[in-house]
Amino acid sequence: MVRFLIQSAEVMIMKKLIGILILLAALILTACQGENDEGQEEQPEDNNGQEEQEENGTEEENEGDENVDTELNFALNAEGDQMTYTVQNDGDTATTLRFSTSQKYEYEISDETGVISTYSEGKAFMQAVEEIELAAGDEQTFDVELPSLDPGEYTIKIYLTARDLAETSEKVETFEVTSDNSLNIN
């Protein structure tokens with residue numbers, strides 16, 4: 001009977017150890033995948049030929065062995081107290097916007113003293129891959145969540161967090177918040 005109890009205890013301990021090892025392996029694989037994604041996002045910055053494409057608003061995307069030229073245009077608009085950020089595919093072929101988190105855009109708002117707010121500050125975003133397909137001529141609009149701002153003039157730098165589009169999607173605009181909280185882009 002004692003021998004049976006000892007063997008049962010050993011089996012339970014082995015099962016717990018195996019569970020812990022599986023959990024550790026999963027965490028290590030997840031961490032390695034995150035580092036790989038970050039490295040891929042930074043890779044275009046090292047590509048000197050990318051600068052010319054960015055100036056033309058052209059994004060080349062590999063899907064299999066096929067190179068697709070897509071012209072993406074970005075616009076920031078304000079109506080009343082709402083601001084929107086839009087990406088439009090003016091190219092002849094479809095393109096896919098790939099996000100690695102639930103965050104779709106990032107911004108920095110500045111006044112004469114410097115940066116006073118960033119969109120991601122104090123927020124947590126789900127780690128989930130999402131793709132938005134934009135057919136030729138289609139657009140995607142994002143409602144920009146602004147903080148409460150006093151009346152005055154500000155500058156916003158906004159960009160998509162989609163893979164490989166942070167630099168090419170950047171828009172910098174000055175805007176005014178009026179006493180009735182309306183927004184006017186200058």
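# Values and cut-offs, question by question

Modeller: Glu173 has a relative accessible area of 19% and is called buried.

Colleague: What makes Glu173 buried?

Modeller: Buried means under 20% relative accessible area, exposed means over 50%, and partly exposed is in between (1.4 Å probe, protein chains only). Glu173 is at 19%, so Glu173 is buried. The model is predicted, so local features need pLDDT of at least 70 and side-chain atom pairs count only at pLDDT 80 or more, while totals for chains, interfaces and linings use all residues. Residues are numbered from 1 along each chain as its sequence is written, and side-chain values use heavy atoms, with hydrogens and water left out.

Colleague: Which residue forms a salt bridge with Glu173, and how do you know that it is one?

Modeller: The partner is Lys171, with the closest N and O atoms 4.0 Å apart. A salt bridge is a side-chain nitrogen of Lys or Arg within 4 Å of a carboxyl oxygen of Asp or Glu, so the pair counts. Lys171 has 23% relative accessibility and is therefore partly exposed.

Colleague: How many salt bridges does the structure hold?

Modeller: The structure holds 4. One of them joins the side chains of Arg98 and Glu131, with N to O at 3.2 Å. That pair links distant parts of the chain, 33 residues apart, with Arg98 in strand 4 and Glu131 in strand 7 (residues 130–134). Helices (H or I, at least four residues) and strands (E, at least two) are DSSP runs, numbered from the N terminus.

Colleague: What makes the pair of Glu130 and Lys104 a link between distant parts of the chain?

Modeller: The side chains of Glu130 and Lys104 form a salt bridge of 2.7 Å, N to O. Glu130 is in strand 7 and Lys104 is in the loop between strand 4 and strand 5, 26 residues apart. Glu130, at 33% relative accessibility, counts as partly exposed.

Colleague: Is Lys104 buried or exposed, and how do you know that?

Modeller: Lys104 has a relative accessible area of 12%, so Lys104 is buried. The loop that holds Lys104 runs between strand 4 (95–99) and strand 5 (105–111).

Colleague: Which residues does Lys104 touch?

Modeller: Leaving out residues up to four places away in sequence, Lys104 touches Phe99, Glu130, Phe142, Tyr159, Leu160 and Thr161. Contact here means heavy atoms within 4.5 Å.

Colleague: What does the side chain of Lys104 reach in the backbone?

Modeller: The backbone oxygen of Ser102 is reached at 3.2 Å. A polar contact is a pair of N or O atoms within 3.5 Å; within protein, one must be able to donate a hydrogen and the other to accept it, and residues adjacent in sequence count only if both atoms are side-chain atoms.

Colleague: Where does Tyr85 lie, and which backbone oxygen is at 2.4 Å from its side chain?

Modeller: Tyr85 lies in strand 3 (residues 82–89). The backbone oxygen of Ser169 is 2.4 Å from a polar atom of the Tyr85 side chain. The C-alpha atoms of Tyr85 and Phe142 are 5.2 Å apart, although 57 residues separate the two along the chain.

Colleague: Why is Tyr85 called buried?

Modeller: Tyr85 has 0% relative accessibility, so Tyr85 is buried.

Colleague: Which residues touch the most other members of the largest nonpolar core?

Modeller: Tyr85, Leu97, Leu160 and Phe175 do, in a core of 26 residues. Strand 9 gives the largest share of this core, 4 residues. A nonpolar core is a set of buried Ala, Val, Leu, Ile, Met, Phe, Trp, Tyr and Cys residues joined through side-chain atoms within 4.5 Å.

Colleague: Is Leu21 buried or exposed, and how do you know that?

Modeller: Leu21 has a relative accessible area of 56%, so Leu21 is exposed. Leu21 is in helix 1 (residues 2–42).

Colleague: Where is Leu146, and which residues does Leu146 touch?

Modeller: Leu146 is in the loop between strand 8 and strand 9. Apart from residues up to four places away in sequence, Leu146 touches Met83, Tyr107, Ile109, Ile156 and Leu183. At 23% relative accessibility, Leu146 is partly exposed.

Colleague: How many helices and strands does the chain have, and what share of its residues is buried?

Modeller: The chain has 2 helices and 11 strands. Of its 186 residues, 26% count as buried.
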